[in-house]
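Open the structure in your viewer and keep the sequence panel beside it. This tour tells you what to select at each stop and what you will find there.

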Amino acid sequence: MAAKSNSIMDKLISLAKRRGFIFQSSEIYGGINSCYDYGPLGIELKKNIKELWWKSMIYERNDVEGLDASILMHPKVWEASGHVEGFTDPMIDCRVCKSRFRADQIDTSKPCPVCGNRDTFTEARQFNLMFKTFMGPVEEDASVVFLRPETAQGIYVNFHNVREASRRKLPFGIAQIGKAFRNEITPGNFTFRTREFEQMEMQYFVRPEEDEKWFEYWKAARMEWYKRLGLQEQKLRFHEHGPDDLAHYAKKAFDVEYEFPFGWQEIEGIHNRTDFDLRRHMEFSGKDLRYFDDQTKERFVPYVIETSAGCDRILLTALIDAYEEEEERVVLRLDPVIAPFKVAVFPLVKRDGMPELAQKITNDLRGDYRVFYDESGSIGRRYRRQDEAGTPFCVTIDGETLENQTVTIRDRDSMEQIRINISNVRQYLADRLK
Ligand code: GAP
């Protein structure tokens, strides 16, 4: 495999823009820091990642329900969750240039890295990472609401609703995909850390005495999912949180980490949140959120094992993991299941009825797959364009097709071509895109 250097990020950012995966938000106005838009290929990739997650959480199991809670919630939710008090980073300002830094990322004995002045730093102050806005026409304290910094709280406050509506017994989970917002002090590394991002979170409610068993179960299940996503196994590992970096709600936490060009970093957190959240919501709402076990006649607050993944971060990981430079081409070796286009169809030349036949094959495949039709430029160039977009298969109609109804199918990774009958194309793809 070709060596991947740190400049891979620059190349990837350029490819992401050129091919329509990711654009800077509001680019024509000079952009806005740390906000990004997903283009035609990016949105397909993101949708496929979310679908794979949803499928593994909901469709392939019988113990997890889905939910889509609103982003804006009652302000008391964030008092109960501990985010008003505890979701803070210590920050230091430069008095001269007004730049703001995370206290743990700045050496105050050195000059300010932005303006170069010495001894200009303030004391560290706690800065809350939640975005505030106002609900209704009056901008006053009483109407302050927050953009949720995690989707999990929408699940906790709906624990009873979902349990009753779906008549669930412990253990069971609730899964949700949705936007979260954090006013990060130091966003960066492209879409790795942004202020608006999407989470894929699942909260699994268990009997308190079974928490460790389920924690181990979900830890293993989530690592398996990353392998299924096609990520290189040697680039994945667990990192356990020590007592000093455990979140305020966690008894135990492991991160799934990936080896990015900028080092090992978290892509998902698996947390034993105990009964912290449900208890706090009971306290703040005055509602009884205990579970009643009709067999043992016990009433208790369930423990929660949380799996919390960042969709944008996983998408970036998938792109980095798939990116490869070869002598003659750049190729994105995305797993076919998440590749934006599954197949491209080309007529070798624009005559002899080849475009018409290629269009027909394209139309036949549409509906099942996102198919790309291309008849412009040399065939080699067309293959290269699809390699760069991560399209796993290219079907080409040539002179022989007109004689014996066979087409070539080219494999993106091996670049090998085989000939098959047109009537077998659908099955060929179905077998490989399961
Ligand atoms: N509910 C628990 C929770 O939110 P977290 O470890 O703070 O836990 C979970 O976040 C995941 O969300 C992270 O592993 C990461 O993938 C994603 N994430 C968190 N902050 C992010 C940010 N600023 N930008 C992009 N993704 C982020």
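Which residue in β6 is the bridge partner of D89? Select D89, then look across to β6: the partner is F127. Keep in mind as you go that this is a predicted model.

**Stop 1: the sheet around β4**

Stay with these two strands. β4 and β6 run antiparallel, and 4 bridges join them.

Show β5, β4 and β6 together. These 3 strands form an open sheet, in the order β5-β4-β6, with antiparallel pairing. The edge strands are β5, residues 100-102, and β6, residues 125-128. Each of these edge strands pairs on one side only. Turn the view and compare the strand directions. Neighbouring strands here are turned by 50 degrees against each other on average, with direction ignored.

Which residue of β5 is the bridge partner of D93? Select R100: that is the partner. Then select M91, which stands opposite R102 in β5.

**Stop 2: the turn at K98**

Follow the chain from β4 to β5. The two strands make a hairpin with 6 residues between them. Select K98, which is found in the loop between β4 and β5. Look at the backbone of K98. Its phi is positive, about 70 degrees, although K98 is not a glycine.

**Stop 3: a cis peptide bond**

Move along to L170 and P171. A cis peptide bond joins this pair, with omega at about -5 degrees. Where does P171 sit? Its place is in the loop between α6, residues 159-166, and β9, residues 172-181.

**Stop 4: the ligand**

How many residues surround the ligand? There are 20, and the closest are E150, E184, T194, E201 and E266. The space that the ligand takes up is the largest pocket.

- E184: a polar side-chain atom lies 2.8 Å from a nitrogen atom of the ligand.
- E266: a polar side-chain atom lies 2.6 Å from an oxygen atom of the ligand.
- E306: an N or O atom in the side chain is 2.8 Å from a nitrogen atom of the ligand.

Taken alone, the ligand exposes 560 Å², and the protein buries 93% of that.

**Stop 5: the mixed sheet**

For the last stop, select β19 to β23. They make an open sheet of 5 strands in the order β20-β19-β21-β22-β23, and the pairing is mixed. Which strands form the edges? They are β20, residues 371-373, and β23, residues 417-421. Each of the two pairs on one side only. From one strand to the next, the twist averages 25 degrees.

Finish with one pair of neighbours. Select β19, residues 343-347, together with β20. Do they run parallel or antiparallel to each other? They pair in the parallel sense, over 3 bridges.

Terms used
Residues are numbered from 1 along each chain as its sequence is written. This is a predicted model: local features need pLDDT of at least 70, side-chain atom pairs count only at pLDDT 80 or more; totals for chains, interfaces and linings use all residues. Side-chain values use heavy atoms; hydrogens and water are left out. Two strands pair if DSSP finds at least two bridges between them. Axes are lines fitted to C-alpha atoms, for helices over the stretch in contact, and angles run from 0 to 180 degrees between N-to-C directions. A residue is near a molecule or strand if one of its heavy atoms lies within 4 Å of it. A polar contact is a pair of N or O atoms within 3.5 Å; within protein, one must be able to donate a hydrogen and the other to accept it, and residues adjacent in sequence count only if both atoms are side-chain atoms. Accessible areas come from the Shrake-Rupley method with a 1.4 Å probe; for residues, only the protein chains shown count as cover. On a 1 Å grid over the protein atoms alone, a cavity is a set of points where a 1.4 Å probe fits but cannot get out, and a pocket is an open set with protein on both sides within 12 Å along at least five of seven lines; lining residues have an atom within 4 Å of a point. A molecule sits in a cavity or pocket if more than half of its atoms lie within 2 Å of its grid points.
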